[in-house]
Amino acid sequence: MIPYKGMKKVDDNLHKYELRLLTYKSELYYDMNKCIGCLFCIQVCPKEAISRTEEKGIEFNVVDMEKCSMCGICDFICPSNAFQLFIEGKRQNLLRENNSLPELKVTEIEGKKGKLRKFVEGRLEIDLTNWTEDCKPCVDACPTDCLTLNENNELVVNEEKCIYCGTCERECEKLGKEGVIKVIRKRLLYKGTLDEFSAPWNEIIKKLVSFEEMAKELKSKATLEASTRVKTIYKHLLP
Ligand code: SF4
Ligand code: SF4
Ligand code: SF4
């Protein structure tokens, strides 16, 4: 039936969200097997269409098709490619294509569930005062093995593998041990410059990093725009 919007299970782990109009078809796939539960997509979805739920002890994401606009921001930001948007059967992201979103500068990290995209610059602050040797939910939940226990049961951190997803901090908070691990995101890495001020990109920076980082980005773009304008004026004035 057309128009149609809804979800079909391709199999137990792969969910297909679909929007079909007379002349347009988009499909948003969500693969539970790939999802690391970082919540990036939930944090940045402009329609607040994604939520996390649990069935038989397994956590996964659900998209509310009454809210979803098929913008593809979840696909853009997902470090594990668990969300993938197809338009007319082709993997596509219109916001990327019209340069409203930049090309992320990605380092590939080997994760527990496969390859992950690292594009966040940040740091981990670890204070072991409240940590006990038997406590390791952060180690179990870390999707990249960036946190491990050595033979003496000491917490070992390999920050090169950290994608700054925040899962460890959330696990720690669940135990009421706030402050053992703090995940600080400093900025999102991308290539080149965006042509114009981009509302979707600014929102992503605000939600995943901070308002201050977004303001910094806006300021640097304003400076860049002003200097381009001055250069253009001088080009016209000078012989
Ligand atoms: S496609 Fe856009 S609106 Fe839909 S769930 Fe993803 S981010 Fe949200
Ligand atoms: S961004 Fe990707 S990996 Fe993270 S919760 Fe969303 S779907 Fe899962
Ligand atoms: S933020 Fe925490 S859970 Fe995520 S990769 Fe880094 S150490 Fe692992």
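## Loop, sheet, ligand shells and domains of a predicted chain

Methionine 32 is placed in the loop between β3 and α1 (40–44). Helices (H or I, at least four residues) and strands (E, at least two) are DSSP runs, numbered from the N terminus. The structure is a predicted model, in which local features need pLDDT of at least 70 and side-chain atom pairs count only at pLDDT 80 or more, while totals for chains, interfaces and linings use all residues. Residues are numbered from 1 along each chain as its sequence is written, and chains are lettered from A and ligands numbered from 1 in the order in which they are written.

Methionine 32 counts as partly exposed because it has 16 C-beta neighbours inside 10 Å. A residue is buried if 20 or more other C-beta atoms lie within 10 Å of its own, exposed if 12 or fewer, and partly exposed in between, with C-beta atoms placed from the backbone. When neighbours within four places in sequence are left aside, methionine 32 is in contact with Asn13 and Phe60; contact is defined by C-beta atoms, placed from the backbone, that lie within 7 Å. Histidine 15 is 17 residues from methionine 32 along the chain, and the C-alpha atoms of the two are separated by 8.1 Å.

Two strands count as paired if DSSP finds at least two bridges between them. Between β1 and β2 (residues 14–21), which run antiparallel, there are six bridges, and lysine 8 stands opposite lysine 16 in β2. Eight bridges link β2 with β3 (residues 24–31), again in the antiparallel sense. These two strands, β2 and β3, form a hairpin with two residues between them. Tyrosine 17 stands opposite leucine 28 in β3. Leucine 28 also has a bridge partner in β6, leucine 85. The antiparallel pairing of β3 with β6 (residues 83–87) extends over five bridges.

The chain as a whole has seven helices and 15 strands. Its C-alpha trace spans about 75 × 55 × 25 Å along the principal axes. Of its 239 residues, 26% count as buried. Among contacts between residues at least 6 apart in sequence, 56% join residues at least 24 apart.

Two ligands were examined through the residues around them, a residue being near a molecule if its C-beta atom, placed from the backbone, lies within 6 Å of it. Ligand 1 has 13 residues around it, of which Cys45, Cys68, Cys71, Ile73 and Cys74 come nearest. Its shell consists of ten nonpolar, two polar and one charged residues. In this classification Ala, Val, Leu, Ile, Met, Phe, Trp, Tyr, Cys and Pro count as nonpolar, Asp, Glu, Lys and Arg as charged, and the others, Gly among them, as polar. Ligand 2 is surrounded by 14 residues, and the closest are Cys35, Cys38, Cys41, Cys78 and Ala82. The shell around ligand 2 contains eleven nonpolar, three polar and no charged residues.

Most residues other than glycine have a negative phi. Asparagine 99, which is not a glycine, has a positive phi of about 65 degrees. This residue lies in the loop between α3 (94–97) and β8 (103–104) and is partly exposed, with 15 other C-beta atoms within 10 Å. Aspartate 145, also not a glycine, has a positive phi of about 60 degrees. Aspartate 145 lies in the loop between α4 (137–141) and β12 (147–149); with 13 C-beta neighbours inside 10 Å, aspartate 145 is partly exposed.

In helix α6 (residues 199–208), the buried residues are Trp201, Ile204, Ile205 and Leu208. These residues cover an arc of only 95 degrees around the axis, so they lie on the same side of α6. The arc is that of the directions from the helix axis to the C-beta atoms.

The domain assignment divides the chain into domain 1 (4–102) and domain 2 (114–186), with bounds that come from an automatic or database domain assignment. The centres of the two domains, taken over C-alpha atoms, are separated by 27 Å. Six residues from domain 1 and eight residues from domain 2 take part in the contact. The side of domain 1 that touches domain 2 has three nonpolar, two polar and one charged residues.

Methods. Two residues are in contact if their C-beta atoms, placed from the backbone, lie within 7 Å.
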